[in-house]
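The model and its sequence come first.

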Amino acid sequence: MEEGLVRAPIPRELVDVLGVEPQSSFKAKAFTEAFLKNSIQQPRRHDLQNMLRHKAVILGYRRPKKERRKSAKARGLNARQKRELKVFQIKPEHQRYELFLPLHELWRRYIIDLCGGLKPTSNPQVVQQKLLKADFHGAILTVVRSKCPSYVGTSGILLQEFKHVFKIITRDDKLKVIPKRNSVFAVEINGFVSHIYGSKFEYRAGERAAKKFKVKGTIDL
């Protein structure tokens, strides 16, 4: 339909028939636009130019990947790395008995506190149970029995404890490696003497702290 026909005035012969009054061209235009606006179905989508002018358009989006948090715990050295770095080796210039006397004094105080003072009235069984789980680094150990006679009488400050051996420094500045198995060790603190049966003591210091030892009547080498 042409625009001219839509806006053309109603013929005079139809005014009485239709019962309408002719309007001015301005009012007719406004009416026509309002009628068409209400009658024509609005588009579902907004005008593209208007959307681009007033809104941001996301052409593509990818959710960022979450970074895995690294473990806060630092990994320790394995056995091979420890051997390569010679972690457990004591240098010859450090193999001197007098250098470790302060360590022995610290250990003695530690054991006295652990055993509640080591008084003459202390229960020997209670003290023995506490010593089984104690740290012996710094203790003076003496081999009192052994299937290897050359070990008997060896005495010194314990420098390193491993699962199967003790490393001690003697008074004549010699580093000795004494196997736990088939040996009995004596340790003395303020007159209290305790015996360690090495064959039943083949644990690392950290493992002994969590182990429950059974009381036995007699223990053989």
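The questions below take up charged side chains and their accessibility.

This is a predicted model, in which local features need pLDDT of at least 70, side-chain atom pairs count only at pLDDT 80 or more, and totals for chains, interfaces and linings use all residues. Residues are numbered from 1 along each chain as its sequence is written, and side-chain values use heavy atoms, with hydrogens and water left out.

Q: Why is the contact between R80 and E84 called a salt bridge?
A: A salt bridge is defined as a side-chain nitrogen of Lys or Arg within 4 Å of a carboxyl oxygen of Asp or Glu.

Q: Where do R80 and E84 lie in the secondary structure?
A: Both belong to helix α5 (residues 79–85), where they are four residues apart, about one turn of the helix; helices here are DSSP runs of H or I with at least four residues, and strands are runs of E with at least two, numbered from the N terminus.

Q: What makes E84 count as exposed?
A: Buried means under 20% relative accessible area, exposed over 50%, and partly exposed in between, computed with a 1.4 Å probe on protein chains only. E84 has 53% relative accessibility and therefore counts as exposed, whereas R80, with a relative accessible area of 46%, is partly exposed.

Q: How do you know that E98 and R96 form a salt bridge?
A: Their side chains meet with an N to O distance of 2.2 Å, and this pair therefore falls within the limit of the definition. E98 is partly exposed, with a relative accessible area of 49%, and R96 is also partly exposed, at 35% relative accessibility.

Q: What separates R108 and E105 along their helix?
A: They are three residues apart in helix α6 (residues 101–114), which means about one helical turn. The closest N and O atoms of R108 and E105 are 2.8 Å apart, and the two form a salt bridge; E105, R108 and R109 are linked in a network of such bridges.

Q: How many salt bridges does this rule give?
A: By this rule the count comes to six.

Q: Why is K147 called exposed?
A: The relative accessible area of K147 is 58%, so the label exposed applies. K147 lies in the loop between β1 (140–146) and β2 (155–161).
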